[in-house]
Amino acid sequence: MDLSQARWVKATASASSNGGCVEVADLDTAAALRDSRTPEAGAHVVSRSVFAAFLDDVRAGRYDR
């Protein structure tokens, strides 16, 4: 998938002290995620429904340590 025209937005939590730097792009029917420190490494592209379920899990604290 050609992501050269994607508009990437850095996640607000990426400024945290854990070093994570996540960017997300809205692709109409999908979402793309990548590490902003190494964008040349590629991106994960998932459907909007999968991304929405992931965000619900994050908000619910499923991935908290």
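Figure 1. Arg-48 is partly exposed, at 44% relative accessibility, where buried means under 20% relative accessible area, exposed means over 50% and partly exposed lies in between, with a 1.4 Å probe and protein chains only. The model is a predicted one, in which local features need pLDDT of at least 70 and side-chain atom pairs count only at pLDDT 80 or more, while totals for chains, interfaces and linings use all residues. Residues are numbered from 1 along each chain as its sequence is written, and side-chain values use heavy atoms, with hydrogens and water left out. The side chain of Arg-48 meets that of Asp-26 in a salt bridge of 2.6 Å, N to O, the term standing for a side-chain nitrogen of Lys or Arg within 4 Å of a carboxyl oxygen of Asp or Glu. This pair links distant parts of the chain, since Asp-26 belongs to strand S2 and Arg-48 to helix H1, 22 residues apart. Asp-26 itself counts as exposed, at 54% relative accessibility.

**Figure 2. The whole chain, for orientation.** The protein chain holds 1 helix and 4 strands, which are DSSP runs numbered from the N terminus, with helices (H or I) of at least four residues and strands (E) of at least two. Along the sequence these elements follow the pattern β-β-β-β-α. Of the 65 residues in the chain, 20% are buried. The chain exposes about 5,000 Å², of which carbon and sulfur atoms supply 52%, accessible areas being computed by the Shrake-Rupley method with a 1.4 Å probe and, for residues, with only the protein chains shown counting as cover. Among contacts between residues at least 6 apart in sequence, 18% join residues at least 24 apart, a contact meaning heavy atoms within 4.5 Å.

**Figure 3. Salt bridges around strand S3.** A search of the whole structure finds 5 salt bridges, including one between the side chains of Glu-23 and Arg-34, at 2.7 Å, N to O. Glu-23 lies in strand S2 and Arg-34 in strand S3, so this pair ties together parts that are 11 residues apart in sequence. Glu-23 is buried, with a relative accessible area of 13%. Another salt bridge joins the side chains of Arg-37 and Asp-35, at 3.5 Å, N to O; here Arg-37 counts as exposed at 54% relative accessibility, whereas Asp-35 counts as partly exposed at 28%.

**Figure 4. Lys-10 and Ser-36.** Lys-10 has its place in strand S1, residues 8-10, and counts as partly exposed, with 48% relative accessibility. Leaving aside residues up to four places away in sequence, Lys-10 touches Val-22, Glu-23 and Ser-36. Lys-10 and Arg-34 are 24 residues apart in sequence, and their C-alpha atoms are 9.4 Å apart in space. Ser-36 is found in the loop between strand S3 (30-35) and strand S4 (44-47), and it is buried, with a relative accessible area of 18%.

**Figure 5. The largest nonpolar core.** In soluble globular proteins, nonpolar side chains tend to be buried together. The largest nonpolar core here has 6 residues in all, namely Ala-6, Trp-8, Ala-25, Leu-27, Ala-30 and Ala-32; such a core is a set of buried Ala, Val, Leu, Ile, Met, Phe, Trp, Tyr and Cys residues joined through side-chain atoms within 4.5 Å. Ala-6 touches Ala-25 and Leu-27, not counting residues up to four places away in sequence.

**Figure 6. The loop residue Asp-28.** Asp-28 lies in the loop between strand S2 (22-26) and S3, and counts as exposed at 65% relative accessibility. Its phi is positive, near 70 degrees, in a residue other than glycine. Most residues other than glycine have a negative phi.

Figure 7. H1 has 12 residues and reaches 16 Å from its first C-alpha to its last, close to the expected 16 Å at 1.5 Å a residue, the expected span being 1.5 Å times one less than the number of residues. H1 is followed by Gly-61, whose phi is positive, near 85 degrees. Phe-54 has its place in this helix, residues 48-59, and is partly exposed, with a relative accessible area of 36%. Together with Val-58 and Tyr-63, Phe-54 makes a nonpolar surface patch of about 270 Å². Patches are made of residues with over 30% relative accessible area and no salt bridge, like charges being joined within 9 Å and nonpolar side chains (Val, Leu, Ile, Met, Phe, Trp, Tyr) within 5 Å.
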